[in-house]
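Me: I have a structure open that I have never looked at before. Could you walk me through it?

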Amino acid sequence: MSVKTESKLERILAAGHLAITSECGPPRGSDPEVIIKKGELLKDHVDAVNVTDNQTSVTRLSSLAACIHLKLTGVDPVLQMVTRDRNRIALQSDILGAASFDINNILCLSGDHQIFGDCKEGQNVFDLDSMQLLQTVRHMRDDGKFLNGDDINRPPRMFAGAAANPFAEPYKIRVPRLAKKIAAGAEFIQTQCIYNLDRFEEWMNGVCDRGLHEKVYILAGITPMKSLGMARYMKKNVPGMDVPDQIIDRLAGVPKEKQAEEGITICLETIERLKEVKGVSGFHIMAIEWEEKVPEIVERAGLFPRPKVSDE
Amino acid sequence: MIVGQQKPLAEIWEMVRKHRKVLVLGCNSCVAVCHQGGTKQAEVLTSLLRMQATQEEAEIELVDGGIERQCEHEFFESARDAISRTDAVLSLACGVGVQFMAEKFHATPLYPALNTTFLGAVERPGFFTEKCQACGNCVLATTGGICPVSRCAKRLLNGPCGGVNKGKCEINKELDCAWCLIVNRLEALGKLDDYEDLFPLKDWSKDRAGGPRNFKVEGYLP
Ligand code: SF4
Ligand code: SF4
């Protein structure tokens with residue numbers, strides 16, 4: 001796959017390295033220090049950092065503003081953009097705004113329903129869905145045009161990504177759905193957190209059988225369990241999450257004060273196993289409220305130092 | 001059909017209590033099917049309001065009645081007299097009927113007794129479900145006859161989203177995920193391969209987004 005943008009993430013993937021991305025949730029306030037600190041913490045150990053867009057529909061500092069703060073600390077940010085809150089005017093406009101700061105990566109999502117958040121009584125937009133947002137990004141970049149066909153002066157040059165959940169029913173469309181996202185324009189994929197490795201490998205087999213791994217870079221989603229409580233919560237309450245009993249039993253089998261360490265061990269074992277899986281191009285490490293563990297995980301997984309790629 | 005649900009009695013009472021004479025007028029089409037707005041329900045509501053009036057010692061005369069449809073001129077003939085002799089009308093029609101009447105009886109105060117909720121079907125007796133949002137540009141041909149605009153909580157045209165949980169929607173464990181239904185129906189039709197066809201950006205200008213809509217049938221226009 002040839003390089004089409006200035007994205008550091010894209011260049012690392014194109015060079016054949018296992019890429020590492022992580023995630024940063026903006027604060028519920030306007031103090032940029034929190035983001036800058038997270039950026040500093042992650043900067044040397046990951047290749048790009050996703051910034052969530054009002055995740056779980058809880059109002060936070062804007063994803064685009066947080067990306068700019070990260071960019072200024074020297075991080076390659078991934079702008080997450082959901083179609084829940086903006087129509088096609090606002091989406092195109094924010095894409096241009098991001099491009100004006102040379103934010104080179106975008107992750108196109110539909111977004112959680114607002115019922116989960118702090119504005120349950122609000123409207124939602126959903127003018128586009130995640131696939132149509134991918135199409136929009138690629139159209140703006142590759143054709144240099146707005147949706148109405150007008151020329152864009154200095155088109156955005158963004159590496160376009162999408163999410164994939166290999167674990168949600170109906171399973172029969174899990175591989176086709178990835179194919180559909182690729183057809184819509186996805187160049188990289190960050191998956192749902194992987195705990196059920198057998199099922200993930202089964203999905204990857206289907207992906208490779210269709211040659212889709214040669215058309216898109218797949219970053220495997222990794223989230224260390226901080227405690228047994230967290231594992232149980234994720235199993236029960238987080239939509240689309242597949243946490244096998246095996247994981248619960250392992251965490252339950254160690255004393256409470258050792259559970260966090262056990263969680264890290266499970267996560268390192270997962271990375272080791274997934275490194276060998278054909279079609280896995282890297283890891284998306286989402287340490288929820290536990291970002292300080294990301295550098296340690298990257299080091300202990302033997303993925304440090306990060307490769308250097310030339311800026312051209 | 002249009003489905004509606006009666007407003008709480010306290011809210012209805014608040015709207016009408018200041019009037020001396022109120023006509024409680026049912027509509028015997030859609031909203032009668034869902035047992036909320038027909039002549040029968042108008043009668044029951046009138047009794048409840050009378051009880052409320054007695055309790056509060058309010059001087060208010062309540063008269064009940066009903067017509068076939070409150071959204072067409074011809075059906076109003078039988079009610080014209082009653083409407084002219086009342087201070088206000090409490091309509092049990094959907095929002096369409098209430099507005100239609102407001103245009104016809106410009107100087108008569110009108111109140112809605114119902115919250116108009118959706119366009120739906122009688123799934124089983126006593127259970128009504130939303131099936132259409134009148135988007136003006138029907139997509140059912142490509143979605144296995146199941147509407148993602150009205151039945152997917154995010155009206156995704158290329159679903160399902162990542163939140164689908166065992167065939168149910170992320171917002172409610174009781175609600176079928178429209179996209180699971182679509183996928184299963186496509187499979188039953190032997191058209192599962194069509195799932196991979198991308199649905200392009202939708203033209204929402206035919207939806208409410210394009211402003212109030214109307215429709216003229218040439219040949220029937222006066
Ligand atoms: S696609 Fe539009 S017109 Fe067709 S059923 Fe759905 S909302 Fe109604
Ligand atoms: S779970 Fe299904 S119905 Fe609910 S929002 Fe997602 S795709 Fe739509």
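Predicted model: local features only at pLDDT ≥ 70, side-chain atom pairs only at ≥ 80, totals over all residues.

Me: Zooming out, how many helices and strands are in chain A?

Reply: Chain A has eleven helices and eight strands, and its C-alpha atoms fill a box of roughly 60 × 45 × 40 Å along the principal axes.

Me: What does the radius of gyration of chain A agree with?

Reply: It agrees with a compact globule, because 312 residues packed that way would have a radius of gyration near 20 Å, and chain A has 19 Å. Of the 312 residues in this chain, 58% count as buried, and among its contacts with a separation of 6 or more, 78% are between residues 24 or more positions apart. The chain exposes about 12,900 Å², of which carbon and sulfur atoms supply 50%.

Me: Which residues touch the most other members in the largest nonpolar core?

Reply: They are A:Phe200, A:Trp203, A:Leu274 and A:Phe283, in a core that has 70 residues. Helix α7 (residues 197-209) of chain A gives the most to this core, contributing six residues.

Me: What is A:Leu274 in contact with, leaving aside neighbours within four places in sequence?

Reply: With those neighbours set aside, A:Leu274 contacts A:Ile194, A:Leu197, A:Phe200, A:Ala220, A:Ile222, A:Val280 and A:Phe283. There is also a second, separate core of 26 residues, which includes B:Cys27, B:Leu49, B:Leu92 and B:Tyr111.

Me: Back to chain A: is A:Gln92 buried or exposed?

Reply: A:Gln92 counts as buried, because its relative accessibility is 10%, and the cut-off for buried is under 20%. This residue is part of helix α4 (residues 88-100) of chain A, and beyond residues up to four places away in sequence it touches A:Thr136, A:Met140, A:Phe146 and A:Leu147.

Me: And A:Arg11, buried or exposed?

Reply: A:Arg11 is buried, with a relative accessible area of 10%, and it lies in helix α1 (residues 8-14) of chain A.

Me: Switching to chain B, how is it divided?

Reply: Chain B is divided into domain 1 (2-118) and domain 2 (135-210), and the centres of these two domains of chain B, taken over C-alpha atoms, are separated by 37 Å.

Me: What is the phi of B:His35?

Reply: B:His35 has a positive phi of about 60° although it is not a glycine. B:His35 is placed in the loop between α2 (30-33) and α3 (39-55) of chain B, and with a relative accessible area of 49% it is partly exposed. B:Lys166, also not a glycine, has a positive phi of about 45°; it lies in the loop between α6 (148-151) and β8 (168-169) of chain B, and at 66% relative accessibility it counts as exposed.

Me: Last one: how many disulfides does the structure hold?

Reply: The structure holds zero disulfides over all chains. As for individual cysteines, B:Cys152 counts as buried at 13% relative accessibility, and B:Cys161 counts as buried at 14%.

Conventions
Residues numbered from 1 in each chain as written. Chains lettered and ligands numbered in written order. Heavy atoms only, no water. Core = buried A, V, L, I, M, F, W, Y, C linked by side-chain atoms within 4.5 Å. Buried < 20%, exposed > 50% of the residue type's maximum accessible area, 1.4 Å probe, protein only. Helix = DSSP H or I, 4+ residues; strand = E, 2+ residues; numbered from the N terminus. Contact = heavy atoms within 4.5 Å. Domains from an automatic or database assignment. Rg over C-alpha atoms; globule rule 2.2 N^0.38 Å. Areas by Shrake-Rupley, 256 points an atom, 1.4 Å probe, with all protein chains shown as cover. Disulfide = S-S within 2.5 Å.
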